[in-house]
Amino acid sequence: MKLFSAVTEGVSFLLFFLFLSIGGSAQAPGKSLIKGVIIDSSSSQPLGYATIKLIASGDQSLQQEYISNEKGEFRAEVAPGTYHIEVSFMGFRPHTTPLFSADKPETDLGRILLADIANTLEEVIVQAEKSSMQLSLDKKIFNVGLDLANAGGSAVDILSNVPSVSVDPEGTVKLRGSANVRILIDGKPSGLVSFKGSGGLQQLQANMIERVEIITNPSARYEAEGMAGIINIVLRKEKKQGFNGSLEIIAGDPANFGGAANLNYRHKKINFFINYGIAYRRTPGIGSLYQEVYGADTTFILKQNTKGRVTGLNNNIRGGLDFYFNEKSVLTAAYLFRRSDADRLTNIRYADFYFDESNPAALTTRRQDETEQEPNSEYSLIYKRSFEEKGHELVAEIRYLDNWENSDQLFTQTQLELDGSERPYKTSLQNSLNDEWEKHFLVQADYTKPIGKEGKFETGLRSSFRNMTNDYVVNDIDDSGAETPLEGLDNIFVYNENIHAVYGILGNKQRKISYQAGLRAEWTDVKTTLKKTDETNPRNYVNLFPSAHFTLDLPQENAIQLSYSRRVTRPFYNELSPFFTFSDSRNFSSGNPDLDPEFSDVIELGHIKYLDKGSLSSSVYYRYTNGKISHIRTVDDKGMSINRPENLLSEQSFGTEFIADYSAFKWWKLNVNLNFFYADIDGSNLVKTYKTSTYSWFARQTSRFTVAGNTDIQLRLNYEAPQKTVQGTRRSLYYADLSASRDVLKGKGTINLNLLDIFNTRKSRSLTEGPNFFTRSEYQYRRRQINATFSYRIKQAKAAKPKKEAGEE
């Protein structure tokens, strides 16, 4: 009932803004009537809802704006004088009439023809290429379609190629070395990252993504979640007139087969878009672990080897429409459905020893056989109203997420003789049944109003209501097939989260100095419940999150910015759930119901230099985090380990980053990303020795060579240096990718071939130590991959040059 009430309130809220903003304005009285009709020059059809600006000669300030009716007609009553008209309509080239005199009772301009941009696309398909990277001081935009290594991959593959971002072999996304980053889809939370965190992005095909935006120090306009910043993944949607789109097919080894279609149809005041992607993947993985546990008089040694594969079928369909009341008033309705079906098969071999490997103690195997299905739906309704004054706009949105996941696992564990033969009656069976549901409702409104010549005021509010339920049980299965729940592993975990926020930002510019200050208030109400044991853990807190940005424009295409923001990382559903993973009977993972949020203060000084052949962005940043959340491994005297999140005392980190994009020659484009940082971590609240200081660095180089006119070759090299943790060391990570593409069919098609992880070196390696144990591990969750893709464009340019935003250099 609470959720229904929230939905009702949200709908009422949005309708209020709709009725407030859609209404038209009456014409000013006058003595002369000007009329005409707006026509599509290619089809001779009238263009309804085109924007007509009537401008008086000699005085640009005397402007009146009109909208054509459904028949393309417009009428304007004006005072006698000399005028010209500017006509605009999305997807068409703007048109300006010659000066004319309105000194008669009626002036008929007749048919005014607009040229459809889509009809001229074939002439410029190969001439225009979008920049792969657009840098500004507060945001970095990466147009991922030009990165050859992304073809045939997933959202995780795309992020692993974006500067400032790294993805470890387990699929964890990090921004400047920190995993505490907020990931959004089209600027909002998504079910893709609900249950599995960033790992869920593996199910989103790369061809559905247009660009990735990186915001390392967000203003108060953005939600305060995410200590390291925000990664916003923007999905593809065209707005050109007529029918246009693209098709893609994929084949790869290990098995990676799929296809995608991105289609768009724009006619008059309605724009319809649909994206569909299907992918079948089989992902093999291997791993090993060596562990020593020190007892009172015995050292126990474990050698563990893991081999498995995940077979998945992913379907994504996203559709919607934009309804243009006029060119300044748009209502967008969209729906996203995603379904993932997966089978996971994992085989683990445990070899136990006393003191050293010459004294074997036991040999055990364990097999995990899991089937998983995950259908997710997302609904959104967005209204955008642009007012007459440039930059004056209102955006209101309602979004609803409905997600479900079902997992059915069977575990078979067998004790073997030391020679490898099976022991009679030493096989045990267990199963794990896991159902998870999420209902998430979000309502948001943002309002921007220019002040004076350079100033701007922004305000908005946001309410989020999220309910998640996890029904979890692990059973022992006897010889008769009867199931008995294991103690402590049969319960229903409920997570209720309500977050309400309001913000205000005021900015201005004085000569070469721009500044803005903002304040965001967020009220958080989180409650977790274990139903069968009636355990509750409520959390309520109100926090203020200030932000400030100062920018100085310097000569010779230089600018610097100093910024500050306060951020929060709240423990989420999985981090609070007390349930254990059970696929590995020696190494368990769980959440921590007593986990507290971490708060960070972030200061950043950034510089950007625009060059004739590229750009250079550099920054120095400092982060202080109180209550740092980190995963800690503990091992009992039987060698059983538990990995769960804990609050450390603090972390201080300093860093510097460089991103350079340079076209040395017409045939060679170079991109370099370097990140150096130092961190001082204090976890002495857990164990006195859990304190460390670490230096580390990250480097990525991408070279793209154009040969034979329409063929590109791309080489990418990646390196992450070792990094200390409070319990040990994450060892270095390095790999290389090679890609090539060639345009065919007169530029309408592209063939792409990529080889990811050429030398098969992308492995997660770590050393971990505690008071009574030492662990060394190495895992490779994805092997070397080769993909071939073919894409075909329908009335689309390969890449259009981006338009500069107002104020952009």
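The exercises below, each with a worked solution, concern a predicted model.

**Exercise 1.** Determine how the ring pair of phenylalanine 441 and phenylalanine 465 is classed, and where in the chain its two members lie.

*Solution.* Begin with the geometry: the ring centres of phenylalanine 441 and phenylalanine 465 are 6.1 Å apart and their planes meet at 25°. Rings pair if their centres lie within 6.5 Å, and planes under 30 degrees apart count as stacked, so this pair is stacked. Next, place the residues: phenylalanine 441 belongs to strand E23 and phenylalanine 465 to strand E24, and the pair links parts of the chain that are 24 residues apart. Finally, consider accessibility: buried means under 20% relative accessible area, so phenylalanine 441, at 1%, is buried, and phenylalanine 465, at 17%, is buried as well.

**Exercise 2.** Work out how the pair of phenylalanine 493 and tyrosine 573 is classed, and which parts of the chain the pair ties together.

*Solution.* The two ring centres are 6.1 Å apart, with 40° between the planes, and the pair of phenylalanine 493 and tyrosine 573 is tilted. Because phenylalanine 493 lies in strand E25 and tyrosine 573 in helix H3, the pair ties together parts that are 80 residues apart in sequence. Both residues are buried, and they belong to one aromatic cluster that also includes Tyr472 and Phe579.

Key
Residues are numbered from 1 along each chain as its sequence is written. This is a predicted model: local features need pLDDT of at least 70, side-chain atom pairs count only at pLDDT 80 or more; totals for chains, interfaces and linings use all residues. Side-chain values use heavy atoms; hydrogens and water are left out. Rings of Phe, Tyr and Trp (its six-membered ring) pair if their centres lie within 6.5 Å; planes under 30 degrees apart count as stacked, over 60 as edge-to-face and the rest as tilted. Helices (H or I, at least four residues) and strands (E, at least two) are DSSP runs, numbered from the N terminus. Buried means under 20% relative accessible area, exposed over 50%, partly exposed in between (1.4 Å probe, protein chains only).
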